[in-house]
Amino acid sequence: MPIYTCTTAQGTLRADAKGALATEITRIHSEINHVPPAYVNVVFSELPQDSVYVGGEPGAPLLIGGWARRGHPQEETTRLALELSAAASRVTGIPERRILVVIQDSPARSAVEGGQVLPDPGQEKEWLSRQEA
Amino acid sequence: MPIYTCTTAQGTLRADAKGALATEITRIHSEINHVPPAYVNVVFSELPQDSVYVGGEPGAPLLIGGWARRGHPQEETTRLALELSAAASRVTGIPERRILVVIQDSPARSAVEGGQVLPDPGQEKEWLSRQEA
Amino acid sequence: MPIYTCTTAQGTLRADAKGALATEITRIHSEINHVPPAYVNVVFSELPQDSVYVGGEPGAPLLIGGWARRGHPQEETTRLALELSAAASRVTGIPERRILVVIQDSPARSAVEGGQVLPDPGQEKEWLSRQEA
């Protein structure tokens, strides 16, 4: 259901960091937003070093943008962003001051997976049973 | 007006699939959201295979993220997502269980094209006549 | 705080245009949204020419997508989009008819930077003093 995009300049992430970060994002999102791990998508966009700017100068941030279904409690989404930032720093060795996590949302009814309209938060169980049928 | 980004791991899409998928997305969006085809943007981000994860493991989904102006009826946006998923599967041969379509929006007044603020849904006609002037 | 992603087909931007455009986006966003330049992120995604379509045909647009904290006055966000479009054309030489600027938002409480939840618009001062502590 969710999509996370991690954007960096090439060389910012160690070779083994992508898999480890994907694992952590998947675990944290799954726990907080009540989605089975198998439904969490994480992609990495590693751009040339002359394509990433902070403050108008070439930079090396880790930008984590996520999309989730609208309707999760705000305090849970805040906790999600905080935990993702801390985990990303721990896994990658990048200090949190260079990490920005942003969660966006839109209505579940504006998204389709497996040919079916996504369920609103709290309605996952019935939807998942239909997917596996 | 809209922007669609199709994200995959390299090798997921056949060589001829990008043009065909762009054509279908353009046709469907144009019909449902009342925008001339010439205003529909579709881009493809094909990432290395070690940069795409599903459930914490390397995966091969087709992730279609779209942005449209806020204010279209929700039932139309749901239909848009459903039709995009079905068409994407038909054109690419990827089963729908590996396809996720997400539509996001923001106010038309938060977007500018051709130097002019975008029109709210339903106000396209006058705006388009000014663009062509 | 904000993230801007500029998407083009390879060859659309001159070699020196990325730095100049990042500088202008940073300056304009900083002025209008009251964020220090050092907190403005700008990245460029330059895709193969067969990966960018306008109206279902290969095209060469400049697509500028921005994320900012929710709660800025709408008229300011409209002015932001208008000024970004004009500046992008001036700096890159691309006519505005090929430029689309879209600003999206989500609650500041859905985003974390430097390990801290972002401040709502208007609350930047205290937050920034904590970051620098």
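I'll start with one pair: Lys18(A) and Asp50(B) form a salt bridge, with the closest N and O atoms 3.1 Å apart. Keep in mind that this is a predicted model.

Where on chain A does the side that touches chain B come from? The elements giving two or more residues to that side are helix 1 (17-33), strand 2 (41-47), strand 6 (99-106) and strand 7 (111-113) of chain A. Strand 2 of chain A has the largest share, 6 residues. By residue class, that side of chain A divides into 16 nonpolar, 10 polar and 5 charged.

Now the extent of the interface. In chain A, 31 residues are in contact with 25 residues of chain B. The area buried between the two chains is about 2100 Å², and carbon and sulfur atoms give 57% of it. Three residues, Val43(A), Ser110(A) and Val112(A), supply 23% of the area that chain A buries against chain B, more than any other three residues.

Strand 7 of chain A and strand 6 (residues 99-106) of chain B run antiparallel and are joined by 3 bridges. Within that pairing, Glu113(A) has Leu100(B) as its bridge partner.

How many strands form it, and in what order? There are 8, in an open sheet ordered 4(B)-3(B)-2(A)-1(A)-5(A)-6(A)-7(C)-8(C), with mixed pairing. At the edges are strand 4 (57-58) of chain B and strand 8 (116-117) of chain C, each of which pairs on one side only. Strand 8 of chain C pairs with strand 7 (residues 111-113) of chain C in the antiparallel sense, over 2 bridges. In that pair, Glu113(C) stands opposite Gln116(C).

Last, the relation between copies. Chain C is superposed on chain A by a rotation of 120° with 0.0 Å of shift along its axis, at an RMSD of 0.0 Å. That is the relation of a three-fold axis. Which surfaces do the copies use to meet? Only 3% of the interface residues of chain C are also interface residues in chain A, so the copies meet through different surfaces.

Notes:
Residues numbered from 1 in each chain as written. Chains lettered and ligands numbered in written order. Predicted model: local features only at pLDDT ≥ 70, side-chain atom pairs only at ≥ 80, totals over all residues. Heavy atoms only, no water. Contact = heavy atoms within 4.5 Å. Buried area = accessible area lost by both parts, 1.4 Å probe. Salt bridge = Lys/Arg side-chain N within 4 Å of Asp/Glu carboxyl O. Helix = DSSP H or I, 4+ residues; strand = E, 2+ residues; numbered from the N terminus. Nonpolar A, V, L, I, M, F, W, Y, C, P; charged D, E, K, R; others polar. Pairing = 2+ DSSP bridges. Least-squares fit on C-alpha atoms with pLDDT ≥ 70 in both.
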